[in-house]
Amino acid sequence: MTYLIGCDLGTTATKTGLFDENGKLLAISRRDSHLIYGKDGSVIQDPYEMLHSVVETVREVMDKTDIDPSQVASVALDGQMAGIMGVAENGEPATPYDSWLDIRSAPYAQRMKDQGEELIIRRSGMGPSINHGPKILWWKNEHPDIYRSIAGFTIPSSWVVQKFAGLSGADTFMDYSNLIFSCFSDIKNMTWDKEIIARFEVDEDKFPRIVKPWEVIGQLEKQWADKMGLLPGTPLAAGCGDQAANVLGAGVVEEGMAFDVAGTASCFALNVKKFAPDVRHKTLLFPRSVLPDFYFPMAYINGGGMDLEWAKNELFREYASLPDAFSRITAEVEKTSTEPTRLVFLPHLRGRNCPTQPSMRGVLAGFSWDHKREHLFRAILEGIAYEYAYYLGVLRELIPDASFYEVRVVGGGAKSSFWNRIKASVLGIPYVELDRTECAIWGAALVAGHSAGVFSDLAGKSSATVNRVKTYPPDEELSKTYEQIIP
């Protein structure tokens, strides 16, 4: 048996899994992240803290099993996509990790919008936000000395891999699934866009080389191998973005599939083959999938899952501390609120991200003395589903012949059959619950296995290693009612 390691460098934690070649998770380990919040709007993280979190979690999964290190075929990482860091000529960090939560570059995001938003969307797949482009301009203009010392900008998961391989700043890389947040890329052709780079007067040599996710970047150096419980020379794959890993790990590998991450940030993605950037609505991001023939246009609600957390704590306080709080609440909601509420709930309690409307706040309208707390909770579930319906409508406008036969759902919300039925009925697409919960680290491990030649058919392997547990078809009567409610 051959074994694979996948590691997810997340915002709140680093998580690593050890899998066999058939996708069975043998061991998992986690380390909490330590973000540093500044009064100036900065949110940064020490790249070495991120690197050591990988070292420690890999060591733990190896120690939890009796796997011979010689049987580990490859290691791959996925990670946060919208933040960035600078790498110096010697391969060391030239900057801390500038998190996607860091808002200091907001003025430069506005500058990029004013001077080239439509061009950037058409080429890079999304507009300027608090993402790579504005952050690069912030370093260039606010810290020119540091900017000059940077050999290349990249994302932390890529830097960790190149550090493990002992590479220099000249070897800085980024895989194509992460290009969506750059503002300087031509996603369709997988190159850096010279016109946009020239327009904003950024040095072209600051951009990393673009690679395939499964490209072998190098071999694990002895100093790190000894600490991780692996062999020196273990192959290191380039890896991919966290959402790309999620999509791959969930087996979303065919046109007509959609994907719902029902977690803290409610994220909805659709698998298509056509690149159709959303210039009009500025809502959908159009990233490349790990599979080179696919894109997964996506949008997300900033804190969709937190809306439900708020409702639990404020409306159902007697359940708030119980581990099965949400199942108890939804049981009450399903019993009391048997019909669509026809209430209006806007789920943007901390601002809207897709499209960018940071000043928008939550709205709950249309309720009366006849409504109970159960109706309000159902309105929140429906409001998130309606937002997904808006995303789907934008995609169908961009690609009129697009059709979807299932939505695969993961995350804490995937356990709610009541919510799955609501979303299936709102969207008119069956919802599918899977037998795999740790999709991101398995997606990274799949990339590792493909890079090492353990399997040649990446899509086939992905599809074969995740199974449908339950399908929730749209309720015909509910769908008719929701069609009347949704504009």
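Between which two strands does the loop holding Met 190 lie?

Author: Met 190 lies in the loop between strand S11 and strand S12, the latter covering residues 191-192. The model is predicted, so local features need pLDDT of at least 70 and side-chain atom pairs count only at pLDDT 80 or more, while totals for chains, interfaces and linings use all residues. Residues are numbered from 1 along each chain as its sequence is written, and side-chain values use heavy atoms, with hydrogens and water left out. Helices (H or I, at least four residues) and strands (E, at least two) are DSSP runs, numbered from the N terminus.

The backbone at Met 190 has a phi near 55 degrees, which is positive although the residue is not glycine. Most residues other than glycine have a negative phi, and most peptide bonds are trans. With a relative accessible area of 29%, Met 190 is partly exposed; buried means under 20%, exposed over 50%, and partly exposed in between, for a 1.4 Å probe and protein chains only.

Cys 183 has a positive phi as well, of about 70 degrees, and is not a glycine. This residue is in the loop between S10 and strand S11 (185-186). Cys 183 is buried, at 0% relative accessible area. A further backbone feature is the cis peptide bond from Cys 354 to Pro 355, with omega near 0 degrees. Pro 355 belongs to the loop between strand S20 (344-346) and strand S21 (363-365).

H3 spans residues 132-142 and is mostly covered, with eight of its 11 residues buried. Among them are His 132, Ile 136, Trp 138 and Trp 139.

Aromatic rings come next. Rings of Phe, Tyr and Trp (its six-membered ring) pair if their centres lie within 6.5 Å; planes under 30 degrees apart count as stacked, over 60 as edge-to-face and the rest as tilted. By this rule there are 17 aromatic pairs. One of them joins Tyr 147 and Phe 153, a tilted pair at 6.4 Å centre to centre with 35 degrees between the planes. Tyr 147 is buried at 4% relative accessible area, and Phe 153 is buried at 2%. Tyr 390 and Tyr 391 are also tilted, at 6.2 Å and 55 degrees. Here Tyr 390 is partly exposed at 28%, whereas Tyr 391 is buried at 0%. Phe 184, Trp 192, Phe 200 and Phe 207 are linked by ring pairs into a cluster.

Two lysines sit over rings. The rule requires NZ of Lys or CZ of Arg within 6 Å of the ring centre and within 35 degrees of the ring normal. Lys 206 lies over the face of Tyr 147, 4.9 Å from the ring centre. The charged end of Lys 423 is over the ring of Trp 419, at 3.8 Å from its centre.

Lys 423 is part of helix H12 (residues 417-427) and counts as buried at 1% relative accessibility. Contact means heavy atoms within 4.5 Å. Leaving aside neighbours within four places in sequence, Lys 423 is in contact with Asp 260, Ala 262, Ala 385, Tyr 388 and Tyr 431. Nine of the 11 residues of H12 are buried, so the helix is largely enclosed by the rest of the structure. Trp 419 is among those buried residues, as are Phe 418 and Asn 420. After H12 comes Gly 428, with a positive phi near 75 degrees.

Elsewhere, Gly 17 has its place in strand S2 (residues 13-20) and is buried, at 0% relative accessibility. Not counting residues up to four places away in sequence, Gly 17 touches Leu 4, Ile 5, Gly 6, Leu 25, Ala 27, Ile 28 and Ile 441.
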